[in-house]
Amino acid sequence: MENKIPEEFEVVYCKPSTLTDMPMHYCPGCGHGIVNKILMEVVEELNIQDKTIGVAPVGCSVFAYNYMNIDMQEAAHGRASAVATGIKRVLPDRYVFSYQGDGDLAAIGTSETIHTVNRGENILMIFINNAIYGMTGGQMAPTTLIGQVTSTSPYGREAAAIGNPLKITDMLAQLPGAYYVSRHSIHTSNAIRKLKKAITKSFEYQKEKKGTCFIEVVSNCPSGWKMTPLESMKWIEEHMFPIYPLGDLKIPKEESKVTKENPN
Amino acid sequence: MNQNNNSNNEPRLMKGNEALAEAAIRAGIHAYFGYPITPQSEILEYFTREMPKRGGVVVQAESELAAINMVYGAAGAGTRIMTSSSSPGISLMQEGLSYIASAELPCLVVNINRGGPGLGTIQPSQSDYWQAVKGGGHGDYHLIVLAPASVQEMADFVFDAFRLAEKYRNPAFILADGALGQMMEKVVLPEAGSLPYHEVNWATSGMGKRKERNIITSLYMQPEEMEQVNLHLQKKYKAMQKEVRFESILTEDADILLVAYGLGARICQKVVELGREKDIKIGLLRPITLYPFPKDEIARLAIRVQSILVVEMNAGQMVEDVSLAVNGRCPVNLTGRMGGMISSPEEVFQKVETIIEKQTLTLK
Ligand SMILES: Cc1ncc(C[n+]2csc(CCOP(=O)(O)OP(=O)(O)O)c2C)c(N)n1
Ligand code: SF4
């Protein structure tokens with residue numbers, strides 16, 4: 001359905017054509033909705049809707065295929081990067097991304113995550129770190145903070161009993177197969193703009209077959225955290241950023257040279 | 001991909017595993033994903049050696065979990081794909097197989113069965129029959145299961161498996177024991193290029209010029225919808241029944257019918273001969289498709305024979321399907337060994353003689 005826009009009006013904001021009209025099921029204020037949208041904005045802007053394939057595994061984003069207007073394959077819990085590998089290996093000229101939660105990518109799918117990046121698969125992996133298992137009702141995740149109360153860490157996470165928050169992104173940045181590794185957030189519109197730039201860059205690198213691009217998004221789960229969306233954004237800043245600081249963890253060698261030699 | 005290699009189609013001596021791998025290349029598979037495990041590692045080794053030369057994709061995955069999910073991805077992308085493993089590795093693939101069956105993606109999975117349970121032994125066994133024919137993973141689903149009994153069939157059944165998998169949009173499965181994978185026999189390899197691949201309209205290969213996106217999923221939140229999906233699958237499994245294949249050896253005049261598949265059937269061929277030499281009319285029915293199972297043929301023969309002996313290299317798994325088909329029409333007996341041990345033809349023949357004695361059969 002095309003709405004005719006009067007000539008004197010200028011469109012400053014609209015939903016990208018790469019998003020469907022299906023109402024999203026995400027809880028109000030959830031970061032998933034934001035990332036789904038900007039990811040599809042990038043696909044529209046780069047004009048790659050016809051050659052992009054997404055893989056969303058079990059987790060709150062399992063229904064991403066209802067919203068993203070591209071070919072999509074739903075994956076078993078933890079296996080998204082293996083599924084994406086399978087697709088990319090037989091269709092190397094397509095753009096392939098996986099979109100995974102922290103339980104998926106850093107617990108049950110740790111092995112697939114590490115080996116996909118280590119092989120330097122030419123895909124984009126988007127990692128939504130909300131420090132909790134959203135879909136199953138707020139259980140502890142590998143990324144849950146020390147002291148954080150969840151339904152399976154009712155007295156707060158204790159390092160002695162269950163270990164520390166897993167900084168898997170830092171680990172992955174060490175692997176030669178990783179080409180671009182960056183941590184972003186959705187807590188302000190400025191942060192969202194930066195995230196969008198990182199996604200755009202990643203698809204451009206993918207075209208050049210440079211290796212794995214990995215973007216962690218420090219996100220929220222108002223329902224699981226039992227907070228209002230606004231409180232959850234504050235909580236991200238105060239509690240998540242000290243453990244998961246924003247910024248690039250690995251940038252392409254060529255670009256780091258350029259920045260050093262020519263700081264402008 | 002270059003499906004031909006330098007050699008011609010003359011008969012040659014090959015290991016079962018290698019014949020199967022070469023046949024898969026000739027069947028035009030686009031990619032193979034796998035993980036080493038005895039007694040099937042030659043399959044992965046063959047592909048890592050041949051695929052780069054012949055333009056196909058091969059990835060040694062980090063686990064069988066990863067391998068089957070790479071298969072799921074690549075099959076979903078609309079290409080001809082396979083993986084292989086042996087018993088413990090096949091156990092790891094079960095969740096993925098359930099997803100693949102539900103999403104109705106054609107592909108081939110090969111199990112070169114070794115003795116279990118647990119880490120078990122690397123010797124040949126048929127202990128994974130139930131896992132193969134009853135589904136194996138969670139949910140109501142079936143694989144199309146083919147059971148070769150020679151190196152020739154290890155090669156030929158790759159083509160049959162893909163033909164059926166693509167016809168029914170269902171994962172196909174080759175269930176062979178370790179001996180069939182390891183032994184060398186004469187084989188004439190199937191002709192390359194004789195299995196054309198037809199483009200599909202359901203693949204998640206990028207929208208291209210399509211208006212509608214394709215989605216591959218096995219998630220249905222409404223039970224009404226999930227029931228419809230199940231009804232659809234059951235209808236498909238029913239339609240598959242016409243693909244039943246079996247081999248009959250002297251079954252028409254038999255007093256005693258042996259039922260065995262794979263290597264077990266090879267042993268039983270000798271038992272039939274031993275019997276006939278002593279004027280005991282033994283026949284052999286060899287199921288070639290284990291799913292669908294030749295239950296009608298067994299039911300038909302059950303009326304004519306005096307007793308059935310199921311010979312398996314396990315504790316008795318197929319015997320349940322045989323008993324269901326026989327439905328009390330004649331006695332059903334079982335013999336076999338487990339854990340990688342193989343019955344000799346003489347052992348099986350002795351069992352036949354005991355049955356004749358115990359059941360005081362008056363043979364024609
Ligand atoms: C094999 C398997 N184990 C467990 C589950 C149940 N399960 C579904 S989603 C999920 C956790 C999701 O958490 P996360 O990956 O962090 O994503 P989020 O929901 O927070 O976005 C679990 C444990 C499953 N579907 N499959
Ligand atoms: S449960 Fe949490 S992660 Fe899931 S949709 Fe709701 S807020 Fe988002």
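How much area do chain A and chain B bury between them?

**Entry 1: the model.** I worked from a predicted model, in which local features need pLDDT of at least 70, side-chain atom pairs count only at pLDDT 80 or more, and totals for chains, interfaces and linings use all residues. Residues are numbered from 1 along each chain as its sequence is written, chains are lettered from A and ligands numbered from 1 in the order in which they are written, and side-chain values use heavy atoms, with hydrogens and water left out.

**Entry 2: area.** I looked up the buried area (accessible area, 1.4 Å probe, that two parts lose on being put together, summed over both) and found about 2600 Å², 58% of it on carbon and sulfur atoms. On the side of chain A, the most area is lost to chain B by D71(A), Q73(A) and V90(A), together 21% of what that side buries.

**Entry 3: contacts.** With contact taken as heavy atoms within 4.5 Å, I noted 35 residues of chain A against 37 residues of chain B.

**Entry 4: salt bridges.** I counted 2 salt bridges between the chains, each a side-chain nitrogen of Lys or Arg within 4 Å of a carboxyl oxygen of Asp or Glu. D71(A) forms one with R210(B), and their closest N and O atoms are 2.7 Å apart.

**Entry 5: strands.** I then turned to β2(A), which 2 bridges join to β9(B), residues 215-216, in parallel; strands are DSSP runs (E, at least two residues) numbered from the N terminus, and two of them pair if DSSP finds at least two bridges between them. Q73(A) has I216(B) as its bridge partner in β9(B).

Key. Helix = DSSP H or I, 4+ residues; strand = E, 2+ residues; numbered from the N terminus.
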